Amino acid sequence: MTQTEPDVTCMAFRNLPPGELEPDKIHRFVLGEDAEPRVLDAAAAAAELADPFATLLLLQGTFPRTAGEVLTSLDNVVKEDSPLRARMFFLLGEGSQIPFTPETASVNRNLRFVVATVGDRGPDLLLSSFTPDEGDVELMAWDEVTGGFNYYRTVGGNSAWVFAGNSRHALQEPTEGKGPFESHPSGNFLMKELRAPWLHWHSPDAPITPSVFAENNPLRNHPWFLQLDRLGAVNCEAKAARPSIVRWTEARFDAALANAGTIERPARIIHQIVDTPTVNLITSHTEGATVETTGTIDLPQTFFIDSEALTERLGLPAPPTFTVSSNLYAQSLRTFGVTLTDGNGFARPGDTHFAFAIPERAFEDQAVLNEAIKRGVLTERFAACLLMTDFPNPVFSTRRAQLLRHVPASASIVNGASSFSEDMANTIVAAAEGAGAESPEGEFAARWGVGDAWKEQFGRLLNDYYAAVTSHLGSQEGFDAYFRLAESRRERVRQMPIFESPLLFAETNIDPAVRVMRSDGTVQED
Amino acid sequence: MPVLPRFDTPASLPELGEEDRASWSLTVAGIFAGLTPSFPQIYDPTVADTPVDASTVDVLWTAFPARLLREASSQTERWERADDRKEQDEYCEWVVERRPDNKITRVIFTTEVPEYFEQVAASNEELLLELYHSMIGPDVQRGDLFEGATYNPSNERNTTTAGRIAHLAHPNNTLGAAVDLVANATVPRERNGVAITTKQALANCAGLGDAFRNSDPQIAAVVNGAARAGNELTLQDPLGLYIDNIRTSDLTTPDDTPAASFWTVERGKPGHILRARFEVPEDRGYTVSDIQADGRPIEFGAQLADRLTIRITAVVKPAGHTPEVKQCDG
């Protein structure tokens with residue numbers, strides 16, 4: 001970045017000069033639209049912000065300084081039975097399973113609280129804070145008028161609140177990918193570890209116990225810690241993350257189709273289907289500490305195939321349970337020097353708390369796929385052909401992403417049906433004639449050419465692939481290749497804004513490189 | 001709290017007479033008596049007191065058998081497998097009733113332990129038959145339940161997957177197994193000088209059964225953590241495994257009726273639910289299978305088990321034990 005380029009990352013908020021924000025004022029700083037924070041007067045704020053946080057507190061002149069004050073301020077203005085008073089407290093942290101000892105005292109465990117209100121369609125309010133009684137609060141609140149979540153934050157202990165954008169800003173220029181939408185690329189609540197066993201989250205699978213805090217750390221006895229949701233991540237996933245993502249996805253499609261059924265820029269939808277704008281993290285169900293003794297380690301299916309879309313949504317054959325023996329896994333850990341480290345003195349040989357942490361296609365992108373099919377934007381056959389292009393690489397497929405070049409400028413939906421799938425398929429097939437059979441377009445064209453027999457044909461391809469993978473998992477050489485592939489995908493995540501701590505993954509001695517899975521179950525190393 | 005005069009019936013069920021209630025208490029005490037000599041950090045609350053500074057810890061887990069999360073290849077497969085009673089090993093079992101068109105009309109969940117029914121059978125056969133008639137149907141005969149003079153908890157009427165259920169029947173799902181687990185989990189473990197504290201590692205190290213279940217490893221880890229600190233433990237009276245809650249917020253009904261209204265507690269009391277059913281009243285004109293769970297129709301009882309939380313409550317009594325640390329088995 002040159003001196004003249006403005007900082008449009010999340011850091012733009014933290015790096016604001018002292019005095020830039022006026023206490024007890026609402027500021028608008030939507031990166032891409034606002035060159036600097038500007039104070040919103042009452043009328044401007046009321047015109048743009050209709051979520052309960054704004055209407056009940058900020059627009060009434062109440063400016064809490066801390067996350068705790070947000071909750072107590074709400075308590076003062078809503079009735080006892082208000083859903084805004086029904087709250088769930090969650091805790092997570094990349095170092096949350098590292099007990100506090102003299103040797104680990106300096107480890108930054110990156111522990112933070114998430115508080116979500118309870119609602120029939122998911123929470124109206126979500127906030128995140130490292131310490132309930134200090135500043136730097138991040139808050140999302142659902143706006144019934146405009147649809148989507150409004151993103152707010154404070155900076156330091158200042159009582160100024162910054163409106164950083166609405167979910168819709170994530171999807172359009174010039175705000176797309178900027179500010180909070182770096183790590184919330186589609187305007188959703190972010191729960192990276194969205195599925196069991198929820199690596200890094202307090203849950204029955206891996207409780208975060210008081211031992212993670214120093215004896216004199218007041219958080220040990222803080223009410224938020226003492227009233228953590230008893231099921232933790234189980235409920236965060238089911239009652240907060242998934243419903244809030246579905247809610248925004250539905251609202252987004254409602255808005256997109258409101259224009260007489262014409263979706264402008266459908267590439268934004270296809271982007272979430274063929275590319276990897278963000279990821280969720282998934283692990284084995286096996287604890288990292290037991291891999292040498294447990295016999296077999298289950299591996300996440302979605303490392304090998306996008307079974308959430310291809311099997312659960314599109315009805316193609318399910319992959320088998322992919323497993324590897326303890327001996328092979330343990331040898332890979334030794335071969336690759338796998339170590340959990342904070343890069344600052346803490347180093348523990350072995351894997352993360354649950355083994356084999358890898359990125360999988362994000363639930364928010366699966367939700368878009370589901371909604372696009374449900375609304376008639378995409379046919380199942382077309383969606384399957386897109387996803388079966390380079391299917392052995394469910395994330396970070398540069399081949400599949402190249403299909404984005406062929407997205408029509410708009411899509412029209414009439415009575416729940418559209419010619420969009422056919423139009424885009426024809427465009428790709430036409431492009432394949434010049435690009436060759438080995439090109440992504442050529443691969444897509446072959447899939448599309450199967451016609452109505454796509455389920456049977458794709459099923460055969462998948463079953464052959466599953467058999468090949470299963471075979472490779474039986475040898476050290478085969479599994480080592482998958483371990484290297486996994487590390488390449490982790491390395492991609494390390495370059496993403498959602499990478500907030502070196503303890504997210506274990507480190508290895510594997511050279512950074514692009515690695516690609518082939519349909520015969522072997523791994524290509526560039 | 002002074003010494004407990006006797007163990008109450010599960011969820012304080014009122015159906016036993018005084019004499020039989022005393023017998024039940026002796027049954028439970030017998031379970032403890034077999035364990036307390038070997039495990040000094042568990043105690044029988046009818047023998048030793050529970051002081052006011054003792055605390056309670058709820059241990060919660062999901063009713064769905066966690067083993068299947070790593071064994072089944074698809075959602076449909078794991079749900080289908082889990083509806084088989086032989087797979088239901090998380091101290092909760094359920095049965096599914098269907099119409100001829102295969103749509104689900106009712107799912108019944110229970111956490112009632114077989115020991116209680118054995119006690120009833122031993123002291124009051126008439127009451128046992130009454131319970132079976134109310135839970136399963138009026139056609140149940142004595143001969144269906146007994147082998148000679150002995151009650152068979154795994155009788156055919158109670159082990160069906162389709163139909164009705166009386167009580168837990170999986171071999172792992174007994175009160176004795178739960179108390180035995182608590183006792184064994186009080187022993188601190190280590191391997192190569194490193195303390196073993198996490199769920200799966202502890203289960204493997206101490207031979208506490210399948211490390212990939214939800215329930216036992218979770219109970220063991222909580223108990224072990226408290227025991228390491230020198231405390232003594234017991235289970236809260238009334239001893240039992242309880243249905244804590246069912247999550248219905250992500251269930252969508254055809255007429256927008258809150259799905260929670262279809263949940264009926266059949267046995268137990270608030271906070272101590274032993275048996276409940278999920279059923280749509282006939283006058284609604286639709287079935288359980290017409291309800292969407294996370295966007296998919298309910299085709300299996302296991303989809304509800306995914307949303308069901310089971311609980312056991314431990315009592316932690318401050319004590320000054322310095323427990324002997326044992327090496328891992330094997």
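## Helix α9 of chain B

Helix α9(B) consists of 14 residues, and the distance from its first C-alpha to its last is 20 Å, close to the 20 Å expected at 1.5 Å a residue. The model described here is a predicted one. Most of α9(B) is covered, with 13 of its 14 residues buried. Just after this helix, Gly230(B) adopts a positive phi of about 90°.

An α-helix has 3.6 residues a turn, so residues three or four places apart point the same way.

## The contact between chains A and B

Helix α9 (215-228) of chain B also belongs to the group of elements that each supply at least two residues to the side of chain B touching chain A. The contact as a whole draws 24 residues from chain B and 24 residues from chain A. Besides α9, the contributing elements of chain B are β1 (55-62), α2 (67-71), α3 (75-82) and α8 (199-206). The largest share of this side, four residues, is provided by β1(B).

In terms of residue class, the side of chain B that touches chain A comprises twelve polar, six nonpolar and six charged residues.

## A three-stranded sheet in chain B

Chain B contains an open sheet of three strands, arranged in the order β10-β13-β14 with antiparallel pairing. Its edge strands are β10 (251-252) and β14 (296-297) of chain B, each of which pairs on one side only. Strand β13 (residues 292-293) of chain B is joined to β14(B) by two bridges in the antiparallel sense. Within this pairing, Gln292(B) has Pro297(B) in β14(B) as its bridge partner.

## Overall form of chain A

Chain A comprises 16 helices and 18 strands. Its radius of gyration is 24 Å, close to the 24 Å that the globule rule gives for 526 residues, so chain A is as compact as a globular protein of that length. The C-alpha trace of chain A spans about 65 × 60 × 50 Å along its principal axes.

Of the 526 residues of chain A, 53% count as buried. Among the contacts in chain A with a separation of 6 or more, 67% are between residues 24 or more positions apart.

Strand β5 (residues 125-129) of chain A is largely enclosed by the rest of the structure, because five of its five residues are buried. In a regular strand the side chains alternate between the two faces of the sheet. In β5(A), Leu125(A), Leu127(A) and Ser129(A) point one way while Leu126(A) and Ser128(A) point the other way, and all are buried.

Strand β4 (residues 112-117) of chain A runs antiparallel to β5(A) and is joined to it by four bridges. In this pairing, Ser128(A) of β5(A) is the bridge partner of Val114(A). Four bridges also link β5(A) to strand β6 (residues 138-142) of chain A, again in an antiparallel arrangement. Here Leu126(A) has Met140(A) in β6(A) as its bridge partner.

## Strand β10 of chain A

Strand β10 (residues 279-282) of chain A is covered on both faces. Val279(A) and Leu281(A) lie on one side, Asn280(A) and Ile282(A) on the other, and all are buried.

Four bridges connect β10(A) with strand β15 (residues 358-361) of chain A, and the two strands run antiparallel. The bridge partner of Val279(A) in β15(A) is Arg361(A).

Note on methods. Residues are numbered from 1 along each chain as its sequence is written. Chains are lettered from A and ligands numbered from 1 in the order in which they are written. This is a predicted model: local features need pLDDT of at least 70, side-chain atom pairs count only at pLDDT 80 or more; totals for chains, interfaces and linings use all residues. Two residues are in contact if their C-beta atoms, placed from the backbone, lie within 7 Å. Ala, Val, Leu, Ile, Met, Phe, Trp, Tyr, Cys and Pro count as nonpolar, Asp, Glu, Lys and Arg as charged, and the others, Gly among them, as polar. The expected span of a helix is 1.5 Å times one less than its number of residues. A residue is buried if 20 or more other C-beta atoms lie within 10 Å of its own, exposed if 12 or fewer, and partly exposed in between; C-beta atoms are placed from the backbone. Two strands pair if DSSP finds at least two bridges between them. The radius of gyration is taken over C-alpha atoms; the globule rule is 2.2 Å times the number of residues to the power 0.38.
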